[in-house]
Each structure stands twice: as structure tokens, then as C-alpha cells.
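User: I have a model open and would like to go through its surface and contacts. Can you take my questions as they come?

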Amino acid sequence: MPEIDVPLERVGFGSTSRSDFWWVAPLVVFLGLGAFVVYATWAGLQGDYYRFGPYLSPFYSPELFGSAHAWFGPKPGWWPAWLIWSPAILILWAPGGFRVTCYYYRGAYYKAFWADPPSCTVGEPRKYYRGEHSFPLIWQNIHRYFLYLGIFFIGDLAYDAWNGFWFNGHFGVGVGSLVLLVNVILLSGYTFGCHSLRHLVGGVLDRLSRSPARKKVYDCVSCLNARHMTWAWCSLFWVAFSDVYIRLCAMGVWHDWRIF
Ligand code: FES
């Protein structure tokens, strides 16, 4: 079994004994997450081209206020005139908060965005480790509550995916129908593999074997959890692509091909 000596003394920023390409992973995370945040912010504030036929962009779902299809009607009169308006502003904080506080993403963006540390056994640019026991990172513990919202969003997006198969009251399949279906599958794989959910369904028990039903659910969540990083990236990419697809169809740039 290969061994590596890890010196324990404090080293300067970026110093390391590692000879592998340790910087590739944080760089990819920085570029990938950075690109997603820039695009999602622009798309969420844009406020237009988020519906096409039976399709609704996941960035705008559920649409509480906005178009004629919104749950509670058009843009509310109490919305301040000086504040930019977009239906996505009302809801994007929930899936955004779920992602930001995710255990996987925390480990990834702590390294990629503020080098804490840049990677394992690589020197960091600060002397003290405050961890998540004090302000502000103690707020990350709110993740378990964002999980409940995340599960609600899965139900909502599943309903949107179902609606995406109905064209003027007739069942049909367009490329957009499949895009929204894949979107909810990937987001489900990500959400139902959550570490907090794993704790909730079985981790809290001392003797899991005494609860066979919960053991089965726990095993399912654990199975998804083993690939949590993969689900996280695939679902992140696809939710952005779903918005791009619907946006470009609504703008007339792309044509939604009807399979039948
Ligand atoms: S730990 Fe990643 S979604 Fe909960």
C-alpha cells in the first residue's frame, strides 16, 4: 500500500509535498460553480422567456406571481417600484440555499473560492482555523431545514415535468418534455442522497436493524449518497441547461422537436 509523509508543521500558502495535480479539482470547481452562479443570477433576474408551451424553466418554478399561469396572479402591487422584478427572485433563494449549505459543496467551494485549505495538506493563507462552530459559518447548520424545502421543490418540478407532456390537452413528447423529465430525475438523485436525509431516515437510530423498513430507506439514501458529488454536478449542469433550452425555444432561436 503506497504511503505518503504528511508534515504537521505550518507551511506557507500553497506549499506542499504533494507532487500530483492537486490544483486541478479546485480550479474546475471554481470555474464550474462560478459560471453557474453568473448564469443563474442573470437568468433569474432577466424575468422573461421562462415559459414555452407547457414548459416552465426550473429557475422560475413554482411561479408564485408573474404571468397568467402564476399561482397567485400577476406581479404584486406591493412590490417596490425601485426594485428589479422577476418571479424567480421570490423562490430561487430556497434551492440556492440548499446548494450553498450542502456538505459536498461546502468542502468544494471552501477550497476553490477561499483556499481553506486549497487542497488536503496544502498550505493555506491564514493562521487560524475557526471552523463552522462560530459566526458566520455556523449558519451552514441550517442545511437540514433547506432539505425540507428541497423535497418540496422535487414535488413541484415533478409536476412541471408531467405538465411538459401535455400540449393543448393532448399527451405528447417533445424534446423539452424529456429535458424536464431528466431534470427532475437528476435533482431527485441529488436531493434524496443528502447527508441530512440519511441521518433523518436512519442515522438517528442506535439499532437500525430493528427497523427493517427504515433500514431499506436508509440503504436507498446511502446508495445515492455514495455518488452525491456526481449527482450534484450533473443536476447543477442540467438545471441550467433546462433553463437555456426553454429560454432559446421561447426566443425562437431553437425549435422544440416533437417526437410524437
Ligand atoms: S448534503 Fe448535499 S444536499 Fe444535503
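**Surface, cysteines and contacts**

Analyst: Go ahead. This is a predicted model.

User: Where is the place of W162?

Analyst: W162 sits in helix α4.

User: Which residues form the nonpolar patch on the surface?

Analyst: W162 is one of them, and the others are Y159, W166, F171, L178, L181, I185, W257, I259 and F260. Together they have about 1100 Å² of accessible area.

User: Which helix gives the largest share of the nonpolar patch?

Analyst: That is α5, with 3 residues. Both α4 (143-163) and α5 (175-191) supply at least two residues each.

User: Switching to cysteines. How many disulfides does the structure hold?

Analyst: The structure has 0 disulfides.

User: What does the side chain of N225 reach?

Analyst: The N225 side chain reaches the backbone oxygen of G193 at 2.8 Å. N225 belongs to helix α7 (residues 212-225) and is buried, with a relative accessible area of 14%. Leaving aside neighbours within four places in sequence, N225 contacts G193, C194, H195 and R198.

User: What about helix α6, which of its residues are buried?

Analyst: In α6 (residues 195-203) the buried residues are S196, L197, V201 and G202. These pack against α3 (103-114), α4, α5 and α7.

User: Now charges. How many salt bridges are in the whole structure?

Analyst: A search of the whole structure finds 7 salt bridges. One of them joins the side chains of R51 and E63, at 2.8 Å from N to O. R51 is in strand β1 (residues 51-52) and E63 in the loop between β2 (55-56) and α2 (93-100), so the pair ties together parts 12 residues apart in sequence.

User: Is E63 buried or exposed?

Analyst: E63 is buried, at 1% relative accessible area, while R51 is partly exposed at 25%.

User: What does D20 form a salt bridge with?

Analyst: Its partner is R18, with the closest N and O atoms 2.8 Å apart. D20 is partly exposed at 39% relative accessibility, and R18 is partly exposed at 23%.

User: Which residues do salt bridges that share partners join into one network?

Analyst: The D116 and R126 side chains meet in a salt bridge (3.4 Å, N to O). Shared partners join D116, E124 and R126 into one network of salt bridges.

Note on methods: Residues are numbered from 1 along each chain as its sequence is written. This is a predicted model: local features need pLDDT of at least 70, side-chain atom pairs count only at pLDDT 80 or more; totals for chains, interfaces and linings use all residues. Side-chain values use heavy atoms; hydrogens and water are left out. Patches are made of residues with over 30% relative accessible area and no salt bridge: like charges are joined within 9 Å, nonpolar side chains (Val, Leu, Ile, Met, Phe, Trp, Tyr) within 5 Å. Accessible areas come from the Shrake-Rupley method with a 1.4 Å probe; for residues, only the protein chains shown count as cover. A salt bridge is a side-chain nitrogen of Lys or Arg within 4 Å of a carboxyl oxygen of Asp or Glu. Helices (H or I, at least four residues) and strands (E, at least two) are DSSP runs, numbered from the N terminus. A disulfide is a pair of cysteine sulfur atoms within 2.5 Å. Buried means under 20% relative accessible area, exposed over 50%, partly exposed in between (1.4 Å probe, protein chains only). A polar contact is a pair of N or O atoms within 3.5 Å; within protein, one must be able to donate a hydrogen and the other to accept it, and residues adjacent in sequence count only if both atoms are side-chain atoms. Contact means heavy atoms within 4.5 Å.
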